[in-house]
Amino acid sequence: MKKVAFIAGTAFCGSSLLNILLDTQAPAIRGLGERSQTDGEGGGPCAVCNSTVKECRLYSQWNGRDFYEFNFQHYGCGTLIDSSKRTNILRQGMAREPHFKYYVLHMSKTPHAAAHSIMKHWQYDYWDVRLAGSKRDITAAFKVWIETNQLYIDELRPVHLEGVKSVHYDALANNPAAVVEDICQWLGEPFNPERLRNWRSPTTHILGGNPAILMQVLGQASLPGGYLGGKYAEKTGKIFADEAWKRDKDFLAGAIEAYGRLSRKLNPVLAALHYGNSKQMIGECEQLLGDGLSGAETDSRRRPFVRICDFFNRRKAA
Ligand SMILES: [Zn+2]
């Protein structure tokens with residue numbers, strides 16, 4: 001039976017990266033991006049046509065019904081990935097097309113990594129303009145992580161799924177091949193490591209997603225200003241693990257405090273997503289804080305860049 005794997009997760013959890021990496025396993029798997037983009041007239045963009053959904057060469061031929069069926073017909077694949085993230089979109093899709101097998105990949109960052117992204121997005125808008133009156137409230141950012149992930153866990157509980165798998169951003173960015181292989185196995189689809197090279201030239205009409213990932217895929221700076229304070233500037237063509245925050249001592253100290261303050265609320269969600277507990281998270285932050293103090297500065301130029309080609313280089317050398 002045909003399968004739909006839905007990527008659930010909070011904003012900036014890495015769902016676009018996961019979608020595009022799974023899409024490399026075409027023709028068995030196709031990463032459609034966000035089906036939710038088809039809900040509005042101006043939805044998109046399509047990564048292949050560089051256009052709105054309405055003007056996309058594929059979806060301009062779609063009659064607006066049975067989205068998954070249309071894509072299965074077009075691509076002839078075994079599994080479709082929908083990275084719409086919000087679980088209400090999944091339930092809507094399942095109600096419309098109940099005859100497929102549904103899986104959920106619950107994608108997440110650790111609370112502190114997520115909080116850093118969330119706070120960053122509170123500071124800049126999509127066009128890299130600094131937002132007036134931005135807040136740098138780490139407790140509020142942690143609460144966003146708790147509440148959204150808890151909501152998804154609660155919403156998925158009564159839904160009839162073939163399975164739910166927790167996927168950690170850190171693991172994906174640092175070892176994409178291992179994570180993609182594991183997911184392929186779980187979905188019963190073949191895995192071909194060579195195909196991971198194809199992540200920059202998708203043939204799937206991927207919809208929406210993180211603009212920074214799109215920039216990297218299309219190899220073009222289509223966003224003025226560089227996006228988010230320029231942190232993605234000149235990083236096209238690389239899998240970019242966003243790890244600059246690991247050297248931000250103020251942030252790490254704030255995170256440790258937040259873990260202490262919110263541990264009761266955090267622990268059930270941390271356990272559900274296979275992160276252990278807040279004590280372990282504090283340990284991780286403390287270790288990073290220690291690293292930062294011991295002058296990891298020389299490392300700083302190298303560490304943020306994690307490339308798929310490293311995987312191939314290591315294999316070649318072995
Ligand atoms: Zn298209």
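Colleague: What should I know before I start?

Modeller: Residues are numbered from 1 along each chain as its sequence is written. The model is predicted, so local features need pLDDT of at least 70, side-chain atom pairs count only at pLDDT 80 or more, and totals for chains, interfaces and linings use all residues.

Colleague: How many helices and strands does the protein have?

Modeller: Eleven helices and five strands. Both are DSSP runs numbered from the N terminus: helices are H or I with at least four residues, strands are E with at least two.

Colleague: How do I read the packing of α4 and α5?

Modeller: Two packed helices are described by the angle between their axes and the distance between the axes. Axes are lines fitted to C-alpha atoms, for helices over the stretch in contact, and angles run from 0 to 180 degrees between N-to-C directions. Here α4 (residues 111–123) and α5 (residues 138–156) pack at about 115 degrees, with axes 8 Å apart. The pair is therefore roughly perpendicular. That label covers 65 to 115 degrees; under 35 is roughly parallel, over 145 roughly antiparallel, and the rest oblique.

Colleague: Which residues make the contact?

Modeller: From α4, Pro111, Ala114, Ala115, Ile118 and Met119; from α5, Ile138, Ala141, Phe142, Val144 and Trp145. Contact means C-beta atoms, placed from the backbone, within 7 Å. By class, ten are nonpolar, none polar and none charged. Nonpolar means Ala, Val, Leu, Ile, Met, Phe, Trp, Tyr, Cys and Pro; charged means Asp, Glu, Lys and Arg; the others, Gly among them, are polar.

Colleague: At what angle do α5 and α9 cross?

Modeller: Roughly 0 degrees, and the axes of α5 and α9 (residues 249–272) come within 10 Å. That makes the two helices roughly parallel. Phe142 of α5 and Leu262 of α9 are among the contact residues. This contact has ten nonpolar, four polar and two charged residues.

Colleague: Is Tyr259 buried or exposed?

Modeller: Buried, because Tyr259 has 24 C-beta neighbours inside 10 Å. The rule: 20 or more other C-beta atoms within 10 Å is buried, 12 or fewer is exposed, and in between is partly exposed, with C-beta atoms placed from the backbone. Tyr259 lies in α9.

Colleague: What does Tyr259 touch?

Modeller: Leu266, Ser278, Met281 and Ile282, not counting residues up to four places away in sequence. The C-alpha atoms of Tyr259 and Lys279 are separated by 7.8 Å, though the two are 20 residues apart along the chain.

Colleague: What share of the protein is buried?

Modeller: Buried residues make up 40% of the 318.

Conventions:
Contact = placed C-beta atoms within 7 Å.
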